[in-house]
Amino acid sequence: MGYEDFVYFILSEEDKSSEPSLEYWFKCIDLDGNGILTRNELQFFYEEQLHRMECMAQEPVLFEDILCQIIDMIGPENESYITLRDLKGCKLSGSVFNILFNLNKFMAFETRDPFLIRQERENPTLTEWDRFAHREYIRLSMEEDVEDASNGSAEVWDESLEAPF
């Protein structure tokens, strides 16, 4: 995988609701390339998630329940299959791909943290990519601060700069 492919993949992984990401993941699931996602294609990918749940000693969720949830989330024109158009018309389409590909994000969605929900409502203009980039920036800057402190290069606090009150 080259650098450009890696960047495209990371963008698609972290913001599954963007249009390029929807197209990327749709192509991954559409095994026969006919432009529709069938029950069998969805189940093929969900089987891996079931295996992961079992390995992590979590109670597995039956595919029939997941399929019902996906249909309810997407609201496709025809309930026997899902099209890219159906996915593009739904705000929760990124969660469908997390259900099928990313167990950690799927579990986070199932047990949604009220703090994260509030964060999303406070700034609805931020994409999942924006939130990811912000979290990573904070994480990396904290690592750099710890590294600086361990190398003895931490800045010395100048007491003359403190507020006079």
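Me: What should I know about the model before reading any values?
Reply: This is a predicted model, in which local features need pLDDT of at least 70 and side-chain atom pairs count only at pLDDT 80 or more, while totals for chains, interfaces and linings use all residues. Residues are numbered from 1 along each chain as its sequence is written, and side-chain values use heavy atoms, with hydrogens and water left out.

Me: How many helices and strands does the protein chain have, and what makes a run count as one?
Reply: The protein chain comes to nine helices and two strands, where helices (H or I, at least four residues) and strands (E, at least two) are DSSP runs numbered from the N terminus. Along the sequence they follow the pattern α-α-β-α-α-β-α-α-α-α-α.

Me: Why is Phe26 called buried?
Reply: Buried means under 20% relative accessible area, exposed over 50%, and partly exposed in between, with a 1.4 Å probe and protein chains only. Phe26 has 6% relative accessibility, so it counts as buried. By this rule, buried residues make up 27% of the 165 residues in the protein chain.

Me: Why is Tyr3 called exposed?
Reply: Tyr3, in helix α1, has a relative accessible area of 66%, and therefore it is exposed.

Me: How do you know that the buried residues of α2 line one face of the helix?
Reply: The buried residues of helix α2, which spans residues 19–29, are Ser21, Leu22, Trp25, Phe26 and Ile29. Seen down the axis of α2, they fall within an arc of 130°, so they line one face of the helix; the arc is that of the directions from the helix axis to the C-beta atoms.

Me: Which residues does Phe26 touch, and what makes a contact?
Reply: Contact means heavy atoms within 4.5 Å, and, not counting residues up to four places away in sequence, Phe26 touches Gly35, Ile36, Leu37, Ile82, Thr83, Leu84, Leu87 and Phe97. The C-alpha atoms of Phe26 and Leu87 are separated by 8.8 Å, although these residues are 61 apart along the chain.

Me: Why are Lys88 and Glu19 said to form a salt bridge?
Reply: A salt bridge is a side-chain nitrogen of Lys or Arg within 4 Å of a carboxyl oxygen of Asp or Glu. The closest N and O atoms of Lys88 and Glu19 are 3.3 Å apart, so the pair meets the rule. Lys88 lies in helix α5 and Glu19 in helix α2, so the pair ties together parts that are 69 residues apart in sequence. Glu23 also forms a salt bridge with Lys88, at 2.9 Å between the closest N and O atoms, and Glu19, Glu23 and Lys88 are linked in a network of salt bridges.

Me: What makes Tyr46 and Phe63 a tilted aromatic pair?
Reply: Rings of Phe, Tyr and Trp (its six-membered ring) pair if their centres lie within 6.5 Å; planes under 30 degrees apart count as stacked, over 60 as edge-to-face and the rest as tilted. Tyr46 and Phe63 are 6.0 Å centre to centre with 45° between the planes, so this aromatic pair is tilted. The pair links distant parts of the chain, with Tyr46 in helix α3 and Phe63 in helix α4, 17 residues apart.
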